[in-house]
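Here is a short briefing on a protein structure. Keep the model open and follow each residue as you read.

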Amino acid sequence: MLYLDNAATAPLRREALEAMWPYLTAAFGNPSSPHEIGKAAAAGLDDARHRIASCLNVRASQITFTSGGTEANNLAIKGACLARPRGRHIITTPIEHDSVLETVDYLHRFHDFEVTMLEPDRFGRISPQSLKEATREETTLVSIGYANNEVGTVQPITELRAATAAPFHTDAVQAVHLPFNLGVDAFSLSGHKFGAPKGIGVLWSKLPLEPVLHGGGQENGRRSGTHNVAGAVACATALELARTENYPDLNGFIASVLEIPGAHLTGHPTERLAGHASFLFDGIGSETVLIELERRGVVCSPGSACGSGEVSHVLLALGVLEDDARTAVRCTFSTTHSHEDVLRAAEAIKEAVATVRG
């Protein structure tokens with residue numbers, strides 16, 4: 001089976017599983033407990049936090065472990081906006097992940113925040129000039145994703161950061177292989193996107209945060225709840241590996257798929273995630289293509305797993321018609337895929353589309 005849905009979730013790395021195993025067995029204690037088993041767990045948690053900070057060149061004290069990217073985005077946005085509500089104005093885009101859009105909508109409905117949506121170009125890029133013009137002196141927060149999970153477009157975050165003085169958060173869940181010297185104030189990661197288990201995420205933020213979860217005051221009061229120590233250790237191990245790896249070259253793959261009549265690449269043609277390629281196929285529903293691909297041993301998806309069954313709000317925001325958006329097929333490779341895997345995937349897509357059209 002050729003698995004090409006890594007943007008939804010990546011396989012658990014063996015190294016991450018082995019790293020977390022001691023904290024599921026001998027050092028299983030609660031890291032808030034004062035006894036030796038608790039201290040062993042606390043030491044593992046502290047080590048994981050410092051390793052992640054070292055990978056990303058940030059301060060360990062500014063890292064908060066969460067249950068995943070969705071919670072990290074919620075804490076980043078709600079936490080920053082409610083801790084510093086002056087102005088009650090948020091700037092974001094219509095192509096963000098649902099965890100960003102729904103959080104912003106919550107703040108609008110229940111806390112009277114005004115929301116400015118920056119319009120992307122047809123490739124999904126946001127203009128720094130549009131951000132500059134939208135920023136006010138009292139703007140509370142800007143939240144723009146580093147890389148789009150559906151079309152793969154990478155935003156010019158450094159230029160966007162320079163265009164505004166407002167506090168800046170970026171959803172970096174899909175961008176773990178990209179540079180992180182961005183000058184932003186907060187970013188979110190999700191472990192299962194790069195080989196850690198589901199259920200662990202990371203928020204780095206140097207902004208004051210009002211907690212979203214209240215309780216025992218763990219994570220320096222920013223996120224209460226018993227720590228997922230094993231998940232944090234696995235996350236550190238997976239991140240260290242992910243930051244050193246490279247994806248296979250997809251230029252030939254994209255060119256091959258675009259030889260299919262009526263095939264269109266979505267997202268930016270060059271400023272895009274390595275390992276990511278998504279297409280539209282004129283007149284063919286994605287479900288039938290995906291069935292044919294799976295029959296050929298290739299697994300991919302129509303887009304975001306969080307929006308399964310729905311027309312992509314990202315594609316609609318890029319000006320794609322609803323019927324055309326229903327033809328989307330997203331292929332997201334891993335760093336373990338070979339050149340032969342890439343060739344096999346291209347041929348499978350050609351065969352699947354031909355079968356459906358035939």
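Helix α4 covers residues 98-111, which makes 14 residues. From its first C-alpha to its last it reaches 19 Å, close to the 20 Å expected at 1.5 Å a residue. Keep in mind that this is a predicted model.

- Several residues of α4 are buried: Ser 99, Val 100, Leu 101, Thr 103, Val 104 and Leu 107.
- Helices are part of their cover, including α3 (69-83) and α10 (313-317).
- Strands take part too, among them β3 (89-92), β4, β5 (141-143) and β6 (168-171).
- Asp 112 follows α4, and its phi is positive, near 60 degrees.

**Ser 127, in a loop**
- Find Ser 127 in the loop between β4 (114-117) and α5 (128-134).
- Ser 127 counts as partly exposed because its relative accessible area is 34%, between the cut-offs of 20% and 50%.
- The side chain of Ser 127 reaches the backbone nitrogen of Gln 129 at 3.1 Å.
- Met 20 is 107 residues from Ser 127 in sequence, and their C-alpha atoms are 42 Å apart in space.

**His 276, in a strand**
- His 276 belongs to strand β10, residues 276-281.
- With a relative accessible area of 3%, His 276 is under the 20% cut-off, so it counts as buried.
- The backbone oxygen of Asn 149 lies 3.1 Å from the side chain of His 276.
- Beyond its neighbours within four places in sequence, His 276 is in contact with residues including Asn 148, Asn 149, Glu 150, Val 151 and Gly 152.
- Leu 250, Arg 330, Cys 331 and Thr 332 are also among the contacts of His 276.

**The largest cavity**
- The structure holds one cavity of 30 Å³ or more.
- The largest cavity has about 50 Å³ of space.
- β10 and β12 (329-332) are the elements that give two or more residues to its lining.
- β10 gives the most, with three residues.
- Lining residues include Ser 278, Phe 279, Leu 280, Val 329 and Arg 330.
- By class, this lining has seven nonpolar, three polar and two charged residues.

**The largest pocket**
- About 540 Å³ of space lies in the largest pocket.
- Its lining has 29 residues.
- Nearest the centre of the pocket are His 177, Tyr 247, Phe 333, Ser 334 and Thr 335.
- The pocket lining divides into 13 nonpolar, 12 polar and four charged residues.

Conventions: Residues numbered from 1 in each chain as written. Predicted model: local features only at pLDDT ≥ 70, side-chain atom pairs only at ≥ 80, totals over all residues. Heavy atoms only, no water. Helix = DSSP H or I, 4+ residues; strand = E, 2+ residues; numbered from the N terminus. Buried < 20%, exposed > 50% of the residue type's maximum accessible area, 1.4 Å probe, protein only. Polar contact = N/O pair within 3.5 Å; in protein donor to acceptor, adjacent residues only side chain to side chain. Contact = heavy atoms within 4.5 Å. Expected span 1.5 Å × (residues − 1). 1 Å grid on protein atoms, 1.4 Å probe; cavity = no way out; pocket = protein on both sides within 12 Å on 5 of 7 lines; lining within 4 Å. Points joined across faces, edges and corners; volume = space filled by probe spheres on them. Nonpolar A, V, L, I, M, F, W, Y, C, P; charged D, E, K, R; others polar.
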